[in-house]
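Work through the exercises below with the structure in view. Try each task before reading its solution.

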Amino acid sequence: MRTPPCLLSLTLDSAVHNLSNITDLSPFPDHILIELFLRTLRAGKLTERVLKLFIATGKDEVFSLIQALNIQVTVTPVLPTSKLMSLSIKDDEIDIVIGALRPDLTSFMNEWRTIFSRFHLIIVKDPDLKEELKIPEGFNLDVYKKPDIDRVVGTSTSTIFSGYSCRYFGYLVSRKKYIISVDDDCYPAKDNKGILVDAVAQHITNLTTPATPFFFNTLYDPFTEGADFVRGYPFSLRSGVQCALSCGLWLNLADYDAPTQALKPEERNSRYVDAVLTVPARTLMPISGINIAFNREVIGPALLPSLRLGGEGKFRWETMEDIWSGMCVKVVCDHLGLGVKTGMPYVWRNDRGDAIASLRKEWEGVKLMEEVVPFFQSVRLSREATTTEDCVAEVANVVKEQLESKDPMFARAAKAMVDWVKLWKSVGSSTSSPGA
């Protein structure tokens, strides 16, 4: 049963809807003023007049929030967004991380050759994989195996890098600004015209153009060629915020949970939707590590291996680490005023595993989601949390306080999050190469 809203919450909601009748916000206490500002943003009511009303309070907290969210105080004519190209990223600023759960990567690597050959690759072998990896020549890559993981991480951490979690070791040892992460059972997709999709290029486009999490644009990503902001979109929000995470999709085998996949064994995703969307602020989503890209320097520590199911297997629907990690990183992005995009690029995902046989293993995770989602929806971080590491540490503390009593798994997750932050600070900023 949901807890009914408190009187303060109802009062703030009423204030948001009656801002046109308010002429002075300066008597409001700082914490209430900040909450009112955030609710005004989410409600799409931050007009030029309302923005000036908040600025007129003279509160430093308001100015800091406006600056952090990159909100334009002075409204000036805005050029069509197709002419506003943001950053340009060089090839040597990108690492492509591949978690190897299968020994023979020959077909996978050759399919991606025309796209991957320009970039440095980090391949992390699942520590539980006994066979030697088969990797074709012609790539600039580093391969990390169990001895490398043990050497870098040591034995004093609760972080586990087995199974799909091996990819996080690649995130840890990378020294590049941007990371593209692709699973070893995914191949390049083709668009509706039969043209091969350059997933790396699309991810980079998503990351180098602003996100718009505080007001939903009904014409998809306004920074995409052929689109723009729709009528009524506040000019004060059109500059957007930095996009820190790009979540791609997949064709063929959809990323269903085991119960859904078992009920629809023949269903395949064949719809290629030519669109990118910014996920609204305070909206959670089930991020999958199958096909993502992110700014490592900005949110790297928030993508972490922490929640593991008791009977976790080697198939995607038997795991929860990326779902938990995704909700954590979304809370962090919302708090820090960063954006998350979803949609293109697509990859082609091959059939893998027996959903019916996995039902028992994943059912534990299905039940946990009923606790996890309301928890992350309620998490609010303090103003003292100004870095990603700070945010993750605060989330870990709240997990321990609120969820530990419900299941020992949450206590282990909280400890793994704290250990991950320590690892990131000690290993993530140093230089490490395989076999060094």
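**Exercise 1: a backbone angle**

N252 is buried, at 12% relative accessible area (buried means under 20% relative accessible area, exposed over 50%, partly exposed in between, with a 1.4 Å probe and protein chains only). The model is predicted: local features need pLDDT of at least 70, side-chain atom pairs count only at pLDDT 80 or more, and totals for chains, interfaces and linings use all residues. Residues are numbered from 1 along each chain as its sequence is written, and side-chain values use heavy atoms, with hydrogens and water left out.

Task: Find the place of N252 and its phi.

Solution. Step 1: locate N252 in strand β6, residues 243-252. (Strands are DSSP runs of E, at least two residues; helices are runs of H or I, at least four; both are numbered from the N terminus.) Step 2: read phi of N252, near 75°. That value is positive, in a residue other than glycine.

**Exercise 2: a loop residue**

Task: Describe R282 by place, phi and accessibility.

Solution. Step 1: go to the loop between β7 (276-278) and β8 (291-295), where R282 is found. Step 2: phi of R282 is near 65°, again positive in a residue other than glycine. Step 3: R282 has 29% relative accessibility and counts as partly exposed.

**Exercise 3: a peptide bond**

Task: Which kind of peptide bond joins M344 and P345?

Solution. Step 1: find P345 in strand β9, residues 339-349. Step 2: check omega, which is about 10°. The bond between M344 and P345 is cis.

**Exercise 4: ring pairs**

Task: Classify the pairs F37 with F54 and F229 with Y233.

Solution. Step 1: recall the rule. Rings of Phe, Tyr and Trp (its six-membered ring) pair if their centres lie within 6.5 Å; planes under 30 degrees apart count as stacked, over 60 as edge-to-face and the rest as tilted. The structure holds 18 such aromatic pairs. Step 2: F37 and F54 have ring centres 5.0 Å apart and planes at 85°, so this pair is edge-to-face. The pair links distant parts of the chain, with F37 in helix α2 and F54 in helix α3 (residues 48-55), 17 residues apart. Both F37 and F54 are buried. Step 3: F229 and Y233 lie 4.6 Å centre to centre, with 50° between the planes, and the pair is tilted. F229 and Y233 are buried.

Task: Which residues do ring pairs link into a cluster?

Solution. The cluster holds Y144, F161, F169, W420 and W424.
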